[in-house]
Amino acid sequence: MRVIGITGGVGAGKSALLSYIAEKYRCRILMADEIAHKVKEPGQACYEELVRLLSPEILNEDGTIHKGKMAAQIFESKDLLKKVNQLIHPAVKKMILDEIEAARAEGKTDFLFVEAALLIEDGYLDIVDEMWYIYAREEIRRGRLRESRNYSDEKIDAIMNSQLGEEDFRKYCSVVIDNSESLPAAFHQIDRKLGEYL
């Protein structure tokens, strides 16, 4: 089983390409964002420590963490944000490592994909066998974000400026999938690459 990290800037189309991969290949796909939500659930790795750190005021009536209340506290304090990230990032990484181990033991998948915006920054290079950069030209990404998410130019600028530049992505990723044109063109690149491993 080959473990492949999927990364790239906002609006590059990672989700659309992963949907295609999920349908066509014997694989598992782990989305870091989804796992980050999971580790905050009651009984999970970060729940009690987050409640202790941010106070029970962040809880809903059913005991789950209220995303809005948690976000409001964090964005008022850089120090709190740092502490929350120090809890969540290692827990997410541990859950991903456990999932990789379980999938290896099960032996039913050819590929396991890990998708996260911060794969490189959060030290996933030593977890995956290879890193893929989903690339799309900046004007294409901007157009997609305006169209599909109704983002303002200011919001797009802010997100893009907070992410790695193209040079860094290319430096750390051994495979580049160009998703600037049609989806079938990107699918063809994926099939060619994954076909080498099957």
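A residue is called buried here when its relative accessible area is under 20%, and exposed when that value is over 50%, with partly exposed residues in between. By this criterion, buried residues account for 40% of the 198 residues in the chain of this predicted model.

The chain contains nine helices and five strands. Read from the N terminus, its elements follow the order β-α-β-α-α-α-α-β-β-α-α-α-β-α. The radius of gyration is 18 Å, close to the 16 Å that the globule rule gives for 198 residues, so the chain is as compact as a globular protein of that length. Along the principal axes, the C-alpha atoms occupy a box of roughly 50 × 45 × 30 Å. Among contacts with a separation of 6 or more, 73% join residues 24 or more positions apart.

Ser 55, in the loop between helix H3 (47–54) and helix H4 (67–75), has a phi near 80°, a positive value in a residue other than glycine. With a relative accessible area of 23%, Ser 55 is partly exposed. Asn 150 also has a positive phi, near 55°, and is likewise a residue other than glycine. Asn 150 is located in the loop between helix H6 (138–149) and helix H7 (153–162). Its relative accessibility is 67%, so Asn 150 counts as exposed.

Definitions and conventions:
Residues are numbered from 1 along each chain as its sequence is written. This is a predicted model: local features need pLDDT of at least 70, side-chain atom pairs count only at pLDDT 80 or more; totals for chains, interfaces and linings use all residues. Side-chain values use heavy atoms; hydrogens and water are left out. Helices (H or I, at least four residues) and strands (E, at least two) are DSSP runs, numbered from the N terminus. The radius of gyration is taken over C-alpha atoms; the globule rule is 2.2 Å times the number of residues to the power 0.38. Buried means under 20% relative accessible area, exposed over 50%, partly exposed in between (1.4 Å probe, protein chains only). Contact means heavy atoms within 4.5 Å.
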